[in-house]
Amino acid sequence: MAKHQHKKRFGQNFLNNDRVIQQIIAAIAPKSDQHLVEIGPGEAALTGPLLDIVQKLDIIEIDNDLIAPLTRRFGQNPAFNLHHTDALTFDYSQLIEKDNAYLRIVGNLPYNISSPLLFHLLKYARHIQDMHFMLQKEVVERMTAQPGIKAYGRLSVMIQYTCETEYLLTVGPENFTPPPKVDSAIVRLRPFQKRPFQAIDDKDFAKLVKQAFSQKRKTLRNNLKGFLNDEQIEACGLNPSVRAEKVSIESFVALANIYHKEQA
């Protein structure tokens with residue numbers, strides 16, 4: 001592909017290290033009969049190797065200037081299907097061909113849209129087998145953090161409520177063009193087909209978790225004022241003076257279920 005002018009507004013930092021590219025492909029371990037979706041192919045570092053293996057690859061790309069070069073390079077390949085659209089608003093359900101079909105999603109995600117994009121994708125979790133993403137290292141640390149660790153927060157809870165998470169690999173800035181100012185990391189997310197802990201109402205769960213982390217240095221008692229009282233928090237086996245960063249996903253589900261019953 002011809003040299004592309006990298007665009008800051010799209011958070012474009014393209015992989016340039018073949019060894020890292022092969023490590024990512026090995027981690028994904030695509031099979032020929034699987035349906036893959038790549039978000040933000042950039043200069044096609046992963047696209048080419050994936051097309052060498054799979055029979056169906058949907059590409060989501062927003063940058064006008066990348067559409068023509070991608071089409072020229074791969075347009076004759078019957079596995080290649082390009083969607084010139086915004087990954088944040090795209091309806092991924094249109095890619096599902098039958099009810100029991102699953103998508104495998106991959107991408108080097110722009111740092112500036114990573115969290116909203118993850119929340120958007122989780123709406124389609126029942127049709128996703130797994131997701132492999134390159135993200136800012138700090139974001140991957142937050143996604144995979146356990147209770148009691150400083151990085152543990154709302155993103156940790158919401159991702160781990162719906163997915164099994166695994167930190168796979170750290171990738172330094174020197175492996176990108178242009179090099180970002182921070183380290184990156186690769187994460188594997190596998191949506192649960194049956195969640196270990198299921199809230200009565202997912203919207204109430206999301207609302208309560210957001211409120212619990214609204215002021216990180218404050219206690220559950222303070223952050224959940226107007227949601228739950230001390231007695232209700234204690235009924236979940238929690239001290240009301242504990243902070244949200246110490247609360248497990250199982251306990252957040254218990255809190256959300258009491259909150260839901262109070263609203264009924």
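In which loop is the place of Ala44? Ala44 lies in the loop between β2 and α2 (47-51); helices (H or I, at least four residues) and strands (E, at least two) are DSSP runs, numbered from the N terminus. The model is predicted, so that local features need pLDDT of at least 70 and side-chain atom pairs count only at pLDDT 80 or more, while totals for chains, interfaces and linings use all residues. Residues are numbered from 1 along each chain as its sequence is written, and side-chain values use heavy atoms, with hydrogens and water left out.

Ala44 is not a glycine, yet its phi is positive, at about 70°. With 3% relative accessibility, Ala44 counts as buried, a term for under 20% relative accessible area, whereas exposed means over 50% and partly exposed lies in between (1.4 Å probe, protein chains only). Ala29 also has a positive phi, near 50°, in a residue other than glycine. Ala29 belongs to the loop between α1 (18-28) and β2 (35-39), and is partly exposed at a relative accessible area of 33%.

From β2 the reader may turn to its neighbour. β2 and β3 pair in the parallel sense over 5 bridges, where pairing requires that DSSP find at least two bridges between two strands. Val37 has Asp58 as its bridge partner in β3, and Asp58 in turn has Asn81 as its bridge partner in β4. β3 and β4 (residues 80-84) run parallel and are joined by 5 bridges. Strand β3 (residues 56-61) is largely enclosed by the rest of the structure, because 5 of its 6 residues are buried. Together with helix α3 (residues 64-74), β3 and β4 make a right-handed β-α-β unit: with the strands pointing away from the viewer, the path from the first strand over the helix to the second runs clockwise.

The largest cavity has a volume of about 70 Å³, the volume being the space filled by probe spheres set on the points, which are joined across faces, edges and corners. Its lining includes Leu15, Ile24, Phe133 and Ile186, and α1, β5 (103-108) and β6 (128-136) each supply at least two of the lining residues.

Finally, the peptide bond from Thr177 to Pro178 is cis, with omega near -15°. Pro178 is placed in the loop between β8 (176-177) and β9 (184-191).

Terms used: On a 1 Å grid over the protein atoms alone, a cavity is a set of points where a 1.4 Å probe fits but cannot get out, and a pocket is an open set with protein on both sides within 12 Å along at least five of seven lines; lining residues have an atom within 4 Å of a point.
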